[in-house]
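The sequence and structure are shown first.

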Amino acid sequence: MDEVVQAGLWGLLAGSALLLGAGLGYGLRVPQKVIASVMAFGAGVLLSAVSFELVGEAYDQAGLAPAAVGTLAGAAAYTLGNVWLARRGARHRKRSGSRAARSQPSESEQGGSGAALALGALLDGVPESAVIGVSLLDGGSVSLVTVVAVFISNVPEGLSSSAGMKRAGRGNAYVFGVWASIAAASTVSAVLGYTVIGAFSPAVIAAVTAVAAGAILAMVADTMIPEAFEDAHLAIGMITVCGFLVSFALSHG
């Protein structure tokens with residue numbers, strides 16, 4: 001199969017987990033502690049994948065300086081985008097909305113917040129999908145660890161965010177339209193990660209990988225971990241570690 005098509009299909013597979021999570025979050029009344037638990041597990045999975053698959057790979061290809069600079073640049077770019085979106089109503093886009101002070105606003109409460117939420121979901125999803133396409137450049141086969149990590153983490157992301165959208169009064173057409181669009185964007189992002197980044201030198205590829213890693217790390221710290229610990233119970237730390245170890249085992253299996 002053509003590798004461009006492969007990149008798109010792997011990106012679509014990972015992005016489709018958002019729709020799966022959205023279906024669970026919108027269609028079922030999921031207890032807050034369950035949402036916190038699955039979000040903690042997803043955060044652990046991504047933390048491990050970033051450490052061993054992305055930053056580690058960037059370091060191996062280009063050394064410490066490009067890996068560190070790229071990671072910081074990715075975190076800075078994500079943070080700037082997140083600040084801009086937060087001022088427009090997307091600050092709590094991954095929150096399921098159990099507390100009024102930390103819930104997604106409705107369109108009547110803040111005009112334009114629906115568009116901001118959609119853009120926020122796009123901001124969160126693009127770096128993850130891009131690295132799936134980039135991983136195909138290393139030997140012509142995708143990093144299954146990266147795909148699995150993104151898929152596993154996307155389920156709780158879609159679940160929690162969709163539950164919050166429902167509480168904010170947004171209809172199913174909006175909710176599933178957003179996540180279907182992000183799944184499509186994940187496909188395009190993976191293809192671009194393979195085709196565009198593949199034209200550059202290994203040093204540039206390493207830097208781009210590090211940039212994506214920094215953006216993902218900032219996203220985990222800013223949106224996933226707060227939701228996981230909003231209604232934390234005593235096992236949250238253990239669940240996060242379990243997610244980390246699952247990704248670690250896949251990476252070193």
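Accessible areas are computed by the Shrake-Rupley method with a 1.4 Å probe, and for residues only the protein chains shown count as cover. By this method the chain exposes about 10,600 Å², of which carbon and sulfur atoms supply 70%. The model is predicted, so that local features need pLDDT of at least 70 and side-chain atom pairs count only at pLDDT 80 or more, while totals for chains, interfaces and linings use all residues. Residues are numbered from 1 along each chain as its sequence is written, and side-chain values use heavy atoms, with hydrogens and water left out.

**Overall fold**

The chain holds eight helices and zero strands (DSSP runs numbered from the N terminus: helices are H or I of at least four residues, strands E of at least two). Of its 253 residues, 49% count as buried, buried being under 20% relative accessible area, exposed over 50% and partly exposed in between, with a 1.4 Å probe and protein chains only. Among contacts (heavy atoms within 4.5 Å) with a separation of 6 or more, 85% join residues 24 or more positions apart.

**Nonpolar cores**

A nonpolar core is a set of buried Ala, Val, Leu, Ile, Met, Phe, Trp, Tyr and Cys residues joined through side-chain atoms within 4.5 Å. The largest has 20 residues, and L46, L54, I216, V220 and M224 touch the most other members.

Helix α7 gives the most, with nine residues. Another core, of nine residues, lies apart from this one and includes A22, Y26, A121 and V175.

Beyond residues up to four places away in sequence, L46 touches E128, A149, S153, E157, I216, M219, V220 and M224. T209 lies in helix α7 and counts as buried because its relative accessibility is 7%. Leaving aside neighbours within four places in sequence, T209 is in contact with L54 and V134.

**Packing of α2 and α8**

The axes of α2 and α8 lie 7 Å apart, at an angle of about 40°. Axes are lines fitted to C-alpha atoms, for helices over the stretch in contact, and angles run from 0 to 180 degrees between N-to-C directions. The two helices are therefore oblique to each other; angles under 35 degrees count as roughly parallel, over 145 as roughly antiparallel, 65 to 115 as roughly perpendicular and the rest as oblique. Residues making the contact include A36, F41 and F52 of α2 and I239, F244 and F248 of α8.
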